[in-house]
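Q: I am new to this structure. Can you show me how to read its features, one at a time?
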Amino acid sequence: MKCALVRPDGVVVRSERHPTDAARGPAAVVGTILDVAVGLADKARADGLTPVALGIAVPGVVDEARGVAVWSANVGFRDVPLRDLAVARLGLPTALGHDVRVGGLAEARLGAGRGAGHVLFVAIGTGIAAAHVVDGTAAVGAHGAAGEIGHISVRPNGPRCGCGRPGCLEAVASAAAIGRRYAELAGATPEVPVTAADGPVTAADGPVTAAEVAERAAAGEPLAGRVWQEAIEALADGLATGQALFDVTTIVLGGGLAQAGDRLLVPLRAAVHERMTFHREPRLVAAALGDEAGCLGAALLALDAAGARDHQEKR
Ligand SMILES: [Zn+2]
């Protein structure tokens with residue numbers, strides 16, 4: 001877990017990392033989240049600061065209105081009322097958000113989408129998820145599941161997705177999918193010479209990361225070039241669908257894959273450009289806040305919630 005004390009102007013005054021240890025079960029994870037939050041609030045007070053609100057962001061399906069972590073596969077949350085638990089423990093106004101949505105919120109308000117008004121933040125890592133942020137507010141959806149752009153079907157005959165359907169965007173173009181595809185083709189292409197130094201890596205050599213595929217593609221290796229281009233085309237299909245739905249000014253790409261920089265952005269801009277008919281072409285940029293985006297976004301959400309509460313109390 002990434003944790004931070006953040007000033008209202010977005011400056012991080014202290015940051016900490018703690019192991020999640022999800023194997024201990026959801027109750028223990030919740031206990032750690034609250035312990036860490038109490039610890040940070042105490043440290044703030046010791047430094048003469050006044051904690052005004054708490055923001056927590058988790059992956060999965062999050063009901064922000066009720067403050068409930070509805071479903072989160074990797075930490076085992078099922079209908080955990082995290083916001084109420086935190087309020088009971090810390091006595092601070094608390095907001096519960098979704099990890100990608102708060103990341104998008106931070107990028108839209110403080111990072112690469114600053115000043116854009118309409119932003120689609122797309123995080124590409126093990127999976128692919130997005131946040132649609134309009135004037136500094138991320139859409140949550142009716143069931144807390146807005147932004148699942150990774151499950152747009154882009155290749156109906158493609159590999160099966162973790163969600164059960166074939167050809168979802170994240171089954172084709174996530175960092176994990178790119179590594180898998182490369183290993184699969186390298187293993188199935190015996191005519192390509194395999195050398196330890198610069199040839200394609202086979203399954204026996206262990207997993208190949210998407211970053212390595214991008215690097216090999218840039219170095220002119222045909223197989224890597226093919227896999228990288230396939231992923232670019234699929235991403236462009238997904239982003240074009242996103243643009244058709246949301247008509248944003250700026251698309252901010254985050255997550256591990258965005259670290260490929262221009263190796264990703266330059267061909268992806270061209271592929272998105274090809275797909276634009278009457279839609280206005282979005283500006284396509286890399287995220288600016290790195291792995292601090294989640295903490296910053298959770299803080300923004302908390303401050304928004306605290307403000308709303310003040311407002312409600314005044315009425
Ligand atoms: Zn899917």
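Q: Which residues form a nonpolar patch on the surface?
A: The model is predicted. In it, Val 11, Val 13 and Leu 49 form the patch, with about 210 Å² of accessible area together. Leu 49 sits in the loop between α1 (26-46) and β3 (54-58).

Q: Why does Leu 49 count as partly exposed?
A: Partly exposed covers the range between under 20% (buried) and over 50% (exposed). Leu 49 has 38% relative accessibility, so it counts as partly exposed.

Q: Which residues are the protein donors of the zinc ion?
A: Look for His 151 (ND1), Cys 161 (SG), Cys 163 (SG) and Cys 168 (SG), which lie 2.0 to 2.4 Å from the zinc ion. Their spacing in sequence is H-x9-C-x1-C-x4-C. The site is tetrahedral, with angles of 104 to 122° among the four donor atoms.

Q: Is Cys 168 buried or exposed?
A: Buried, because its relative accessible area is 0%. Cys 161 is buried too, at 6% relative accessibility.

Q: How many salt bridges are there?
A: A salt bridge needs a side-chain nitrogen of Lys or Arg within 4 Å of a carboxyl oxygen of Asp or Glu. The count is 16. One of them joins Asp 42 and Arg 45, with the closest N and O atoms 3.4 Å apart. Both residues lie in helix α1, three residues apart, about one turn of the helix.

Q: What does the salt bridge of Asp 237 and Arg 155 tie together?
A: Their side chains meet at 2.7 Å, N to O. Asp 237 is in helix α7 (residues 222-246) and Arg 155 is in the loop between β10 (137-138) and α4 (169-173), so the pair ties together parts 82 residues apart in sequence. Salt bridges with shared partners join Arg 155, Glu 233, Asp 237 and Arg 275 into one network.

Terms used
Residues are numbered from 1 along each chain as its sequence is written. This is a predicted model: local features need pLDDT of at least 70, side-chain atom pairs count only at pLDDT 80 or more; totals for chains, interfaces and linings use all residues. Side-chain values use heavy atoms; hydrogens and water are left out. Patches are made of residues with over 30% relative accessible area and no salt bridge: like charges are joined within 9 Å, nonpolar side chains (Val, Leu, Ile, Met, Phe, Trp, Tyr) within 5 Å. Accessible areas come from the Shrake-Rupley method with a 1.4 Å probe; for residues, only the protein chains shown count as cover. Helices (H or I, at least four residues) and strands (E, at least two) are DSSP runs, numbered from the N terminus. Buried means under 20% relative accessible area, exposed over 50%, partly exposed in between (1.4 Å probe, protein chains only). Donors are N, O and S atoms within 2.8 Å of the metal (3.2 Å for Na, K and Ca); water is not among the atoms, so sites may look incomplete. Four donors count as tetrahedral if all angles lie between 85 and 135 degrees; four count as square planar and six as octahedral if opposite donors are over 155 degrees apart and all others between 65 and 115; anything else is irregular.
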